[in-house]
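Here's a quick briefing for anyone meeting this structure for the first time. Have a look at the model, then go through the points below.

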Amino acid sequence: MENKHNTRGYGWVIGSIVLITLAQLLLKWGMVSIPLMSLSDINFVFLTHHYTQLCTVIFGLLGYALSMLCWLCALRYLPLNQAYPLISISYVLVYLLAVAWFNETATITKTLGALFILLGVWIIYTKPKKPG
């Protein structure tokens with residue numbers, strides 16, 4: 001029964017990772033596409049001219065909310081010290097997709113940081129061999 005719970009928990013964690021990554025990318029695209037403004041600039045004309053971008057930001061926020069819901073479900077099935085390190089995979093995915101889709105700068109330092117995150121997750125999840 002515990003293995004079934006772990007499988008469910010990992011499924012919820014994966015859902016959270018995917019949703020939070022997607023949310024970050026949607027928020028980035030939406031906010032880059034909306035011109036700088038003040039609150040006094042927001043009117044019906046502004047809203048109609050930037051409808052797609054504003055919807056993208058709203059979907060990004062919705063992605064955050066759904067990601068949190070997945071996270072809460074994951075915590076029902078997994079211990080926090082197992083679930084939490086996996087969330088850091090979203091940092092790596094956002095970095096890689098921002099470089100690929102938004103032409104953000106990839107540097108050796110950022111790439112090494114992403115690799116260290118993955119190495120850390122791998123170390124946490126690698127079970128030591130039992131002697132004997």
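**A first look around**

The largest pocket holds about 160 Å³ of space. Keep in mind that this is a predicted model.

**The largest pocket**

- Its lining is made up of Ser 16, Ile 20, Tyr 64, Ser 67, Met 68, Trp 71, Tyr 84, Ile 87 and Tyr 91.
- The largest share comes from α3, with four residues.
- Sorted by class, the lining has seven nonpolar and two polar residues, and no charged ones.

**Where α4 meets α5**

- Helix α4 covers residues 80-87 and helix α5 covers residues 89-102.
- The two pack at an angle of about 10 degrees, and their axes are 4 Å apart.
- Angles under 35 degrees count as roughly parallel, so α4 is roughly parallel to α5.
- On the α4 side, the contact involves Pro 85, Leu 86 and Ile 87, which meet Ile 89, Ser 90 and Tyr 91 of α5.
- This contact has five nonpolar residues, one polar and no charged ones.
- Ile 87 of α4 and Tyr 91 of α5 are part of this contact, and both names also turn up in the lining of the largest pocket.

**A look at Thr 56**

- Thr 56 sits in helix α3.
- Its relative accessible area is 13%, and under 20% means buried, so Thr 56 is buried.
- Leaving out residues up to four places away in sequence, Thr 56 touches Leu 26, Trp 29 and Gly 30.

Terms used
Residues are numbered from 1 along each chain as its sequence is written. This is a predicted model: local features need pLDDT of at least 70, side-chain atom pairs count only at pLDDT 80 or more; totals for chains, interfaces and linings use all residues. Side-chain values use heavy atoms; hydrogens and water are left out. Axes are lines fitted to C-alpha atoms, for helices over the stretch in contact, and angles run from 0 to 180 degrees between N-to-C directions. Angles under 35 degrees count as roughly parallel, over 145 as roughly antiparallel, 65 to 115 as roughly perpendicular and the rest as oblique. Contact means heavy atoms within 4.5 Å. Ala, Val, Leu, Ile, Met, Phe, Trp, Tyr, Cys and Pro count as nonpolar, Asp, Glu, Lys and Arg as charged, and the others, Gly among them, as polar. On a 1 Å grid over the protein atoms alone, a cavity is a set of points where a 1.4 Å probe fits but cannot get out, and a pocket is an open set with protein on both sides within 12 Å along at least five of seven lines; lining residues have an atom within 4 Å of a point. Grid points are joined across faces, edges and corners, and a volume is the space filled by probe spheres set on the points. Buried means under 20% relative accessible area, exposed over 50%, partly exposed in between (1.4 Å probe, protein chains only).
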